[in-house]
Amino acid sequence: MMLKRTRAAFDGVSEERWNKQIKRKKKIKHTRQIVRLSFATLFAACFAVLFLMPIVLTVTNSFMSASEISANYGQVFATSDTGGKVYISERVNLKFIPDMVSFSQYITVLFKSPEYLLKFWNSVILVVPIVIFQLLVAAGASFGFTRYRGRIKEIIFFVYIILMLMPYQVTLVPNYLVSEWLHILDTNWAIWLPGIFSPFAVYLLTKYMRRIPISVMEAAQIDGAGEWHIFSRICMPLCKGAMCSIAILIFIDYWNMVEQPLILLADSEKHPLSVFLSKINAGEIGLAFAVATIYMVPPILVFLYGEDYLVEGITYQGGIKG
């Protein structure tokens, strides 16, 4: 209070006027923050609408009748007499609200055409074992990289990083040659084995597990806990959020795989739904929207169910939540 009076007296300004000036400056600063926040929110909302528009368009169009879909998008999928694409001379009519809601596409997909459900279950059979066993392999390998340090192990871990940085297109040829040598080509094992031993989960879980304070493990070791108890009673409970986060990322990644089944599975009957979606011909435009909607349901449910674990896995750091 004395400081305010001294400053006001020094500047030749009354204390009341001085307080008004301070309040005005605070109000201007607060207004500027609100304006900046509003512009940032509007900018993010525009991008969110752009990203959600294809999903909303796919879901709403799946409830259109076949005639309405053909009238709106028929020229996009039309082909010439020679089998090539036709040049689109008119603007495509994007409709988000159907004139009449129809469930005929879903009835055809779920009840009249078992081929679509077969492809869906092919995706489940290929992806679920990869998620489960990749987490098991990553848990054991990450514990080993965390507990036992050494030059050789650091070199091996560096090799894991190099392999993780390589795209699928680079490793497809070696995977094909190894699968052919093991006589597992054109079987589910050709997809399972490279997926189970992928370095992605090992790298992420190792970096996460190394954040656990060593003192926690040493205290348990002094109390007589063995390596198995340290692994099962300390590391795994603390890494629960990270395990769920990695499981979500693995599921979404392999649910959308296309290159691996195309190269490693010659039998089209074993292809997942992600590959089959691109093979829907021009006469099944309406079914394409319905199948795509069904195809999006599992990743969305997995994300919604594990959203809290995903956030926890990102914010949690070695026993301390940030």
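1. A cavity, as the term is used here, is a set of grid points where a 1.4 Å probe fits but cannot get out, and a residue lines the cavity if it has an atom within 4 Å of such a point. The structure under review is a predicted model, and the values below are computed from it.

2. The count comes to 1 cavity of 30 Å³ or more. The volume of the largest cavity is about 30 Å³. Its lining consists of Val-109, Tyr-116, Leu-117, Phe-120, Leu-273, Val-291 and Ile-294. Two or more of these residues come from each of the helices α5 and α15 (285-305).

3. Helix α5 makes the greatest contribution to the lining of the largest cavity, giving 3 residues. In terms of residue class, this lining has 7 nonpolar residues, with no polar and no charged ones.

4. Helix α5, which spans residues 114-147, also packs against helix α8, residues 189-196: the two axes come within 8 Å and cross at roughly 30°. Angles under 35 degrees count as roughly parallel, and α5 is therefore roughly parallel to α8. The crossing of the two helices is right-handed.

5. Attention may next turn to the largest pocket, whose volume is about 650 Å³. The pocket is lined by 29 residues, and those that lie nearest its centre are Thr-171, Asn-175, Pro-194, Ser-198 and Pro-199.

6. Several elements give two or more residues each to the lining of the largest pocket: α6 (151-165), α7 (168-181), α8, α9 (199-209), α12 (240-255) and α13 (259-264).

7. Which element gives the most to the lining of the largest pocket? That element is α7, with 7 residues. By class, the lining of the largest pocket has 21 nonpolar, 7 polar and 1 charged residues, whereas the lining of the largest cavity has no polar and no charged residues.

Terms used: Residues are numbered from 1 along each chain as its sequence is written. This is a predicted model: local features need pLDDT of at least 70, side-chain atom pairs count only at pLDDT 80 or more; totals for chains, interfaces and linings use all residues. Side-chain values use heavy atoms; hydrogens and water are left out. Axes are lines fitted to C-alpha atoms, for helices over the stretch in contact, and angles run from 0 to 180 degrees between N-to-C directions. Helices (H or I, at least four residues) and strands (E, at least two) are DSSP runs, numbered from the N terminus. Angles under 35 degrees count as roughly parallel, over 145 as roughly antiparallel, 65 to 115 as roughly perpendicular and the rest as oblique. A crossing is left-handed if the near helix is turned anticlockwise from the far one by less than a right angle, and right-handed if clockwise. On a 1 Å grid over the protein atoms alone, a cavity is a set of points where a 1.4 Å probe fits but cannot get out, and a pocket is an open set with protein on both sides within 12 Å along at least five of seven lines; lining residues have an atom within 4 Å of a point. Grid points are joined across faces, edges and corners, and a volume is the space filled by probe spheres set on the points. Ala, Val, Leu, Ile, Met, Phe, Trp, Tyr, Cys and Pro count as nonpolar, Asp, Glu, Lys and Arg as charged, and the others, Gly among them, as polar.
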